[in-house]
Every structure is written in structure tokens, then in C-alpha cells.
Amino acid sequence: MKFLHTADWQIGKPFESIEDPAKRERLRSARLESIRALRPLVEEHGAAFVVVCGDLFDSSLPDRATVSALCGAVGSLGVPVYSIPGNHDFGGPGSLWEEEFFRAERTSLAPDWQPLLAPRPHPLADAVLLPCPLLRRHEALDPTQWLRTVPEDLPGDLPRLVLAHGSTQGFSSEKDENSADAANRIDLAHLPAGAYDYVALGDWHGTKQVADNPPAWYAGTPEPDRFPRGEDNRPGHVLLVETDGHGVPPRVTPISTARIGWHAPDPVSLQGPEDLKALAETLATLLGPRTDRDLLRLTLEGALGLAELDQLRDLLETYHARLLSLEVDQRVLPEPTEEELHSLTGGEDPLIARVARTLAEEAGTDPASRELLRELYLQVRAHSP
Amino acid sequence: MRLLSARIQHYRIHEDLRVDLDADIVLLHGPNESGKSTLAEALHHVLFLAAKGSGQSHQRLASLRGGTPEVELTLEAGGRRHTVRKRFGPSGTTVLESEGQTARQGNAAEEALAQLLQVGEAAAGRSAEKILDQRWAHLWVRQGDSHSSPTDRLEEAQGPLRERLQDLADIDLFQGPTDRALLEALATEVRDTFKDNGQPKKNSALQQLEDQREAAATALRKREATLAELRGAQEDLVQATADADRHAEAERATAEQRKALGKELARIEELRAQLTEKDRLLNDARQQKDAVREKDKQIRDLEKQIGALNEKAAPLRSKSAEREEQARLANTRAARARRTRESARRRAQDCRQRARALAAHAEVLQLDEQIREGEALHRAIDELQQEADALTPTLESLQSLHDDALAQLRGKELRVATASARLKAYGLQLSVETADRPLAWNGETLAPGETRTITDAGELTVGDGTRLRLAPGAADDLQQAREEHRRAEADYREELARLGVSDLADAEAKGRRRAELERQREELGGRIREKQARFPEDALTKARTQREEQVQRREARTPEDPPPLTFADSLPAAREAHEEAERATIEAEREEERTEAEAAAADADEEEAERLRKAAHQELEEQQQTLQTLTPQRDMLVKDHGDEAHRTAAIAKVEEGVRVHERAATALRQQLEELQPAVREQERERLDAALQSHRGNLDEASRRQGIARGQLLGHETDDPEREVREARAEYERRAARCERRRAEAERKQELLRLLREARRETTAALSRPLEERAVKYLRHLFPKGRIQLEWSEEGDSFKGFSLDRSGGAGSHLAFADLSHGTREQVGLALRLALAEILAASHDGALPVVLDDAFTHADRDRIEQLKNLLFTASREGLQILLLTCHPENYDQLGGREIALPAAPRRAPTADAPASPYANDSGPPGSSGTGGPAAESAPVASFSSPAPAPDDATADPSAEAIPSAETVPPAETDPSAQATPSAEATPFAEAASAPPGSQTPSPAAEPESTRPSPSDGPTPETFLSTLRQLGGQAGNQKLRTTLGCDEPTYHSLRHTLLQEGRIETGRGRGGTVRITHNPNQEPTEPA
């Protein structure tokens, strides 16, 4: 028996740090598309159902359009879908899962979708699901607590699949969002040995196996939603899980699903026109002719002449337009070249020359003077007759 | 440039006027309307107004007498002598004859002249007036214009002036085109962006960004509030749901408890009912028991009482008999005592009677004695009365002669005597001493020794033949006196008669007799009264009455008491008997008292015994009666309730019944106790309350659920979490953009400040040469005064200036704020400084025309101004002073030209000399006037001006103006050398090629210039600079080198080009030796 394990869709994530609303919308719709894109995988691998381990919605109060869109996407998968609420879309009284509109849309658009909202065994024909839903944003108790004692009357032969959402030792999405760390802690070590066959986890966006017995995996988000945070964290997958019944270890295969590129190269040091040229080439290699599919975070250091700074600005503006997002940590210091300095101090304009000389003398120690010198350069260029 | 001479024809009031102006100072004077200003204007016009023209400017020049206005001016400029001749009018002509050049005419002449004067083309056409108004306005002070600022109409001169100042300050370029554009652009932008207080302007881009940021912040806050509200609603719902579940569970559990408790409570009620019934039965049994016992007790009590009564009867009877006997004995004792008392009473009574009789007897004897004495006294009184009565008749006869009557009589007698004396006084006293012949008064003879008072006129007859008529005086008074006397006499006689006396003496004798009798009678009366007092009449009567009473008392005795009484005869014996009787009485009374007491005691004993007897008797009676009452009662009860044994059995029976009921009740009570009814009931209350509370809480939780659900339903169409995040990101973007914009604006602001500061430093350096020269002139007015020039916003022209009189900081006064007089004078100082600066490009000389320029100056200032003007003339300026008060300028030492009051008529051929009769020289003919025409004193001032830089560098340098620059003067200081020196440059200049480059005044002949070997070389320049520390200001270095400005700048320029020196910073401009490591070791030690 095969099924797909996924989590952390976070449909409706606003990507608010991107200024352009159209680009934000592009990122949002990409996340939805990645759900619809699971259909071919389901078909290809003959998955019997899909489990989604929390954070299907980005918000606990999603708007109706998002609710409808997600129901539509889930309905398009063609197999039953079982989900639990995560910390983003936690369950409980007043939650979206209880809302009339959601229920109606789910019934209408995704009749095979069954959100599991209570911690009790959910037997299927070929497996038993043991959901550990989050019923509030920050659950102080271990959501898997109820499984520390093996529930009675479990069918002896069916694989027992635990669905949970939260942090395990060393893996937490909350770390990234500086929330309370103590909440939603899952202690896998407390689960009775051999009682369960697979722990399907959600919350951490990377794809990662975090325990062997029982095998516990974070599926990660199918569509990355942030810049990579190190080698270990590789989002952009779903897991194909194959199981042969209770007591038989399942086979887990990550399948890549990412479509949007999130690039965060190492800091670049710019010391002159050659470095500038090299940067342009690096970016061209990294991003190719693609537009509207990548996000880039750059850290620039070093010092450039005033004209070079202008060139750099032009280069960055081009990519700013092409990319979904360009974040630049601009630490390049303006350092006028001899020639530039001379153009200010040696020209036909004694007043500018005088001011430029003074600023140049102070620029070594005073960043403000450096900025002023650059401003003067720009202004002179703008106002030369 | 200098003015040498002029001829003015057909020009307004001047028909033909020639003036020789070739002097350093020319004082042109004349009365009002004499044409001074016209002359000044003519000079100005010939220089700057195009000859050809028909506009207002030209029409105004026309002479009243006709003829074409014509002005001819000879001047010295560009090292040559020139004569310009203009005939003004629609077909005006211009001729310029320049020494050593062909004469030019028309436009060529105008152009050449403008070039010579370094001004724009000659004023013509419509704008002529405007151009004329400005042209050389700083040098040409017109009448009434003296207090205007020299910087007001400086437009045309700004360019040349700034160039000159740049040369002087060694600033090649004042500000470049980009400088200017950038300053303007930045100023505009900063002005558009910031208010004065540094805040962004309302409609500035920066403020718009700030507004957007604020709007974003507001939106964020609003959305955060919405989200917080919804999250709160979510939490409320969770909490309310949990609460509702909890309360429902609690209600269920409580209801169960309550049900169980209900059963127990029913059992309790049942037990309580049983117990009540049992208690009632017990109570009945107890009452029955009590009733039986009560009757038994009654019977027993009665029997006890009857027994007791029977026991007491015998003693009571014996006691009663005893009391009877005692009463009888007491009765006997009392009767005996009463008899004894009666006997004592009688004896005492007897004694008292005897004592009373004896006392009365003694009293009778006493009274007898008194009566006898009284009777004796009354007899004596009677005798005395008879004696007194005997005196009474005599006294009565003398009754009237009491003292008052005597006094009255004496008064009357005195009145008679007085009247008589008065009569005598009024009358004539006629006394016959001796008479030998009979004398008769009114027929009455007068005997010798007779005296007569004559009171009436009468006739005194002496003898026979002699009759004398006598009449006393004051007949009326005499009459009155006589009347008086008569009345007194009658009165007196009447009184005597009334008193029965013969005269006063008799009356007095009888009066004394009366008084004697009175005294005797009084004495008798006294003696009678004394005796009466000793024993009054009624006392005797009373004594007799008393005696009678005492006698009766003595005789009054109880007839049956026989004891005989003997009455003593004497009083003492009687008294003693009485006392004896009294003593006996006392004794008898004592005995009486004693028996009285005894009898009383016996009576009391008797009474007590009787009482006791009666009591005993009564007690006995009562006891008997009680016994008779109780016995039937007892008999009745016994009859009803049986005898004792019967009663005891009945009692035992009811008591057993009580005990049975008691045991049953106790058992019930214990059962009830075990069920703890109080605790159960409290529990019931608690549970009921809890149930109610649970229901209330459940309702409340449901209500909260409803509210929260309602709130949550509200959002639905949008995602508040996403909206908050988007709003926050938007706010952060807005804020960052705003900050970037602000930083950029502030950078621009700072750049503007820096550029302006740089420009301020430049303009300060540019201003300095002019300010220094101005100070040189100003010093004559304000020894410590300074001038500060103000530059236009663009920084390329003078805008105005301010004066600082005392040289201290911060005491600047704008020119416009000065008084008229000070404005004139300070303005002049600046004009001269300007002229001096500008003169450098006009051969070192320029004319300054002052038309009536010191109308506001007082005498002291005039004196100071003279020094000032003199200084200016020494600096090479030509001063043309027009005034109607030449006497003010006596010591100025210039050439004087007087204009006549009346407009001159057309001159005759020989006339021109006459107005200048005072002048030492003949008037110069047009175009040919030479320096030789000048008088000696004037000539001494017309030597070439020293280089202006010397004068400004150090005030002391003024004292030796030509020491450095004109070496020949040093070798030949005589005054005569000067004219030749002046003549020389002229000749030289004339031979010099046109367009000579000489920048210094033409008066400085090239031949007198220091040869390169004499002046500083690049090497001396450098060595001097090293001596000054390798760096020095231009001014200082040049002074140390002792060379003029062109030489210095030429050297400096060369060395700069070669890179051996470089310019440094500093206000006045500095140079320093280029630091070349290769050259340094070779520096001279």
C-alpha cells in the first residue's frame, strides 16, 4: 500500500515582504499549483490516499477565496485526503474547520477530504490513522501524548500511521518565526516501541527523517517559501510511503516538487569594475533568462567608485524587475576614484571643488562625509550644464 | 582716466562754457542756478550719451537760445590724450581725436570711446535714460542723490569690479557654472522640502512620504486591532466551550448527588414523624405519673400536719395558764404603785399651797411698806404745788414783760432818740448862754441856759426892740424829721402804756422781777416732778391693788387641808417661812415624781403580761381551729385515692409505663442522629445552590460562545492575519522609503550648507580688498569703523553693505539704517574705494564727480571729508566737487572754478578767460590743454598715483607713496620733477603701440619698472617663502618681497605652473612650497 505524505502547504501565505502585489500573488498561486501538481504523482505511484500533516492554510482565519481554492485543489487529487490541523490552522472551537463555509465548500469541492479533528484512531480499509491534531496555536502538552498508551482495539494487521504536527528535537519551524519554543513539542521517544509503523510529521519545512523506530519523517513543504537555511534544510518535496502492514518497516521516497527558486548565495565582495563584471556573470549563470520564478537574496560588500556604484545600481534594478524578489544587503562603500575625485575638485567650479576636497579628506573616517561626497557626485552629474 | 578740460555750447543754460579740469581736485562753485549740475551732466553725457538721438534725453539738452548742444571733452585714458566732441541731436555727430591716432567719427567714435571707458555702447534710443542713470553711477554723485547707496546702481560695474577683486584676492574663478546651477538647484529643492524649523513642508515629496508612512501605520494599527479582536474571540470561544463542557459535567454530577441525598432526607422525615408520636405518648404517661404522685403527697402532707398539730396542743395549753398567772400578779403590783403615787401627789399639793400663802404674805408686807412711802411723797408734792401756785398771780401781772417785749420797747425808745437827734440836726440850736435882755422865741421866752431847737421859721425877740427872724434851712427835711420824731414818740408812749410801765427803766426792773419768779416756779416744778418720778401716783394705786390680790392669795387655801399656818409679822421672817415652805415643796415633788415612775413601770408590766396572756390564748385557739379544718380534708382524699398501699401500687404502675416510652423514643432519636439530618440538609442546600450555579454558568458560557462565534463570523471574506502581515510590511517599506528620502534630503541640505559656506568664504576673500580700501577712507570719519559688504544670494554681485562704527563684532548697521549725513559720508568712502579698485584698469585714475554731495554734513564732518577727498586724490582719483559753498572747502587745495550766477551769453572771442580770472593759468584750449597749465600746488597732487595695493596693504605706506614705485622721486624729491615725470609717460604712452598690455596706470612708465634683475626672481620668491616657513599668505609674501601685484602674480603663476608651489587654503589665499621629497634635501639650511 502506498500513500503520499505531505505537510505545510500554507496556502494563502501573503509574502508581504515583497512589495509588488502581482509578484506576491504569483508566489501565492505557485503554492496552490504545487498542490494540484500532486495529482500526476498520485497517479504515477498509485497512492491510495494522501496525508497532510498540518498547516494546510497559512492563517487560522483564511479568507473565503483561499478556502474555496484549497478545497478545489484538494478535490482535484482524485484520492482520499486526510489532514490534521497544525499550528497555523489549528482546530478547536471557532476554528476554520468548524466554519459553515468551509464545511460546505469541502463537501462540495472535495468530498474525499476528511480533516481529522480529534485524537482518536481513524481506521481505513488498509491502514489505521492515528491523528494528533493541534487544537490551539500553542499546545503545551505533547500532541502525541494520547499515543503513549497504545489505543485498544486496533486491527492487528493494518499499518498504524501517526499524523502529527510540531517540533521534535532540533527541528522546528517555530525557530524561524521566533515563537514560543516550548509549545507543540513532540517527544517521539515516549511512544511505545514497535506500537506504530510510521510517524508522518509536519511543521518543519525541510524534508528529513528524524527517528528510526518508529520511522518518523518531516515531509517538508512541497513548495519552498523562504530562502534556504543551510544544507540540512531542503524543502520542496513530498514523501511517497510504501507499507506492507503492521510491524513491517515502510519504504519512504522523497519526490521533488519545487517550482520557485529561492537563491541566497554567499556574500559578494566588490572591489572594482572586475568584481562588478564577475557579479553580473554569476547572476546570469544562476538565474539564466528566467523571469518571475526566482527570489534572490544578495549580500554585497567592499567599496566601489561612484560611477561603479551607479553601474551596480543599474544591474540590480534589472534583476529587481526580473525576479520575484531581490533583497540586497548593500554594504558597499562609496569610494570615489582618483579620477572622480578630480572631476569634482579640479573642475571649473571652485565651490564644488572646495567642498569636495573637504569631504574627501573626512571620508576616510566619517561615513557621513562619504555619503555626502557620493551625493555631491550625483548632484554635480545631474546639474552640470 | 582723467578729465582734462571741457567746452560746453548751446547746452541748456550754458551758451559757451570752458572749464579746465586738469587737477586732482577741482572745486566748481557758483550760486544756485548757475549751471553746476548742468555742467556735470554735460560731462556725463558727452562720455556716455550717443550724439545722435531725438528722444527725451536729447530734447532736454536744448538751449533756450537755440543752437545745437555741443560738448567737447579732453581726457586722458589708455595712456593717451583724447578729445571727444559731440553735437547732440537727431543728426548729432561725434568726433574722437586720439593722440597719435586718426580721428574717428560717428559710430566708430562712439564705439572707440565706450571701449576707452570700458563701458557698454553709448546710451541711445528709448533706454537711453535708464542706461545713463546707471552708467558710472558709483562715480557720479548727482545732486540730491548723495545719500543713496553706491551699490544701488552698480549693475554695469559688477562684472569689472568682481574681476578686479578676483585679481586682488588671487581667485581665478569665483564660481563656476555648475557651482551656480547646483547651488540654485539645491536651494530650490531644500526650500521646497523643508520649513525653517527643519520640518518637511506640507506639500513636499518628503512630507507626502511621511504622510504615507503615517497612513500605513494607522492601517497597521487598525488591522492589528481587528486581528487581536478575532484572536480574542477565538480564545473566548475555546474558553467558553471548555467552560460549557465543564459546567455541564458538573451539573450532571451534582444532580446525581442530589438524587441520592433525597432518599436519605425522606428516611429522616419518616423517623422524625415516629419520634413525634412517641414523644407525645411519653408525655401523657409522665403527666399521669405526676398526678398520682401529687395526690399521694397531698395526703401524706395532711397527715403530717395533723400529727404535728396534735403534738403541739399540750404545751400550748400550759403556756396559756402560765401567762394567766403572770398577768394577775402584774395587776396587783400596779394597783399598789398607783396608791403610793396618789399619796405623794396630795402631799406635794399641800406643800405648794403653804408655800404660795407664805409668799403672798411676804409680798403683802413688802407692799405695805411701799404704800407708806408713797403717801409721804405725795404730801410733799402738794406742799410744793401750793407754793408754786402762790407765785402765779404776780407772774401773770408781769406776763407781758417778757424779753421780746422789752427788746421791742428798747427799739422804740432808740427810734425816738434817733428821730430826736435828726430833728435837732436839721433844726437850729438856740442856746441862751447869758441874757441881759429878755429873749423870746415866737413869743416864748427864752431863759439863760435854755436851749431850743428851732425847726420852723420864727421870730426871736430880744428885748423889746429887737426882733430877729430865724429860719432853719431845708424846711422839707426838717418837717419830715419832725414827723418822724413825733410818730416815734407816740409809738413809744403807746408801748409804755400797753406794758403798764412808766418808762424803759421801770419796764426793765419789772422784767427782771418776772424772770426771778419764773425761775422759782420752775424750780418748784422740778422738785415736784422729781418726787413724782420716784413714786408715781399710779404706782401707789397698783401697790394697793397688788396687796389686795396677795391677801386674797394668802387666804385662798383648800379648806379641808387643816395644817395651821402662822404668819410672821416681819418681812424677813415671812420671807424665811416662805423659803422654808418652798424647800418642803421641792422635796414633796421629788417624792411625787418617783412614785409616778414606779406606777408607770408597774402599768407597763401589767400591760405586757396581759398581751402575752392573750397571745398564748389565741395560739391555742388557732391550733385547735386548723386541726379541725385539716382532718376532714385528709379523710376526703383518703376516701378518693385509697390507703397508702393502694396508692403505692398505682404509682409503680404508671412509672413503668413512662420508662417503656422513654426507651422507645431514645432508640428513634439515635437512629435519626446517625443519619445526621443537619449535615444532610446543609448538603441539600449546597447542592441546590450548586445546581443553580451550574445552570447559570452553563448559560453564561453558551452566551459567550454565541458572542465569540458571532465575532468570528464577521471576518470570513478576508484573512486578518495576512492583512496584518501585509500592513506591517507595507508600513516598513513606507518607513524605509521615507527614511531614505529624508536622508537624501538632509544630504542635499548639508551639501547646500557646505557650498554656501564655501561661497561665503570666497566672497569674504573677494570683499576684503574693497573693505580694506573703504576702511582707509572711513578712518577719517570713524577711526575704528569697518565696512562689511553683502553679496547677492547668487553670490556674484554686491547687494549692499553695512557699517560697523566701532569695529566691534555684532554692531553692524545696514546702510539704509544710517542717518542721511552718515550715509553720504560712508557712501563716499565706499565710492572712493570702488573707484580706487576700478581705477586700476583705467590707468590708475578715475574721475569722481560729487555734485552737492554733502548737504547733510556738519562742519566737523566737512573737515574730515576734506581729508578723505585728499586721500582719494593721492590714490590717483580725480575729484570734481560741485558746490554752492566754496568757503567750506578752503583748505582742500584744489583748483577752483567759479560759475557766474547768471547764464552766460554766447561768448565772444576774448570772453572765455574772464570767468577764470582767479585761475593761475589760462584756460586750456580744447584738445590742447596741457599739464603746464596747472598751478604749482595743484601740480604737486597730480603726480602719478601710487599703486593702490601699497596704500591698502599698510596705512603707513601712504606716507611714502612713491618711495618704492617711483624711484626717480627718491633721487630727485623736488616738486619740479613731477611735471616732467608726468609729461614723460604721456610722450611714452603716445609712442607706445595701441592696445598696450600694461595693467598698471599708464603713469608708470615702463622704463621706471624694476628690471628683472632688480625685482624678485622665482628663486628669491621661493627662498623668501621658505623663510616664512614654507607657506605664506599672498599679501604677506608680496610685501616681504617688496614687489608690486602684477610682478608678484606673474611670478606666482609661473611657479604654480612649474609645480614648485601650490595654493593653500585660507581666506586671503596662501601659497606653499610643493612637498617634493627629491627636492627637500637640497633646501638651504
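Helices (H or I, at least four residues) and strands (E, at least two) are taken here as DSSP runs, numbered from the N terminus. On that count, chain A comes out with 9 helices and 17 strands. The model is a predicted one, so to speak of local features takes a pLDDT of at least 70, side-chain atom pairs count only at pLDDT 80 or more, and totals for chains, interfaces and linings use all residues. Residues are numbered from 1 along each chain as its sequence is written, chains are lettered from A and ligands numbered from 1 in the order in which they are written, and side-chain values use heavy atoms, with hydrogens and water left out.

Burial first, with buried meaning under 20% relative accessible area, exposed over 50%, and partly exposed in between (1.4 Å probe, protein chains only). Of the 385 residues in chain A, 54% count as buried. Contact is taken as heavy atoms within 4.5 Å. Looking at contacts in chain A between residues at least 6 apart in sequence, 72% join residues at least 24 apart.

Two strands are said to pair if DSSP finds at least two bridges between them. Strand β1 of chain A (residues 2–6) pairs with β2(A) in the parallel sense over 4 bridges, and A:Phe3 sits opposite A:Phe49. Strand β3 of chain A (residues 81–84) also runs parallel to β2(A), joined to it by 4 bridges, with A:Val51 opposite A:Tyr82. Between β2(A) and β3(A) comes helix α3 of chain A (residues 64–75), and the three make a right-handed β-α-β unit; right-handed here says that, with the strands pointing away from the viewer, the path from the first strand over the helix to the second runs clockwise.

On to the interface. Chain A brings 44 residues to the contact and chain B brings 46. Together they bury about 4100 Å², 56% of it on carbon and sulfur atoms, buried area being the accessible area (1.4 Å probe) that two parts lose on being put together, summed over both. In chain A, the most area is lost to chain B by A:Leu61, A:Leu351 and A:Arg354, together 18% of what that side buries. There are 10 salt bridges between the two chains, each a side-chain nitrogen of Lys or Arg within 4 Å of a carboxyl oxygen of Asp or Glu. One of them links A:Glu375 to B:Arg747, with the closest N and O atoms 2.7 Å apart. On the chain A side, the elements giving two or more residues are α1 (21–36), α3, α8 (350–363) and α9 (367–383); α8(A) gives the most, with 9 residues.

Chain B has an open sheet of 6 strands in the order β2-β1-β4-β5-β6-β7, with antiparallel pairing. Its edges are β2 (14–20) and β7 (104–105), each with a single partner strand, so one side of each has no neighbour in the sheet. Strands β4 (residues 70–77) and β5 (residues 80–87) of chain B pair over 8 bridges in the antiparallel sense, B:Leu75 having B:His82 as its bridge partner.
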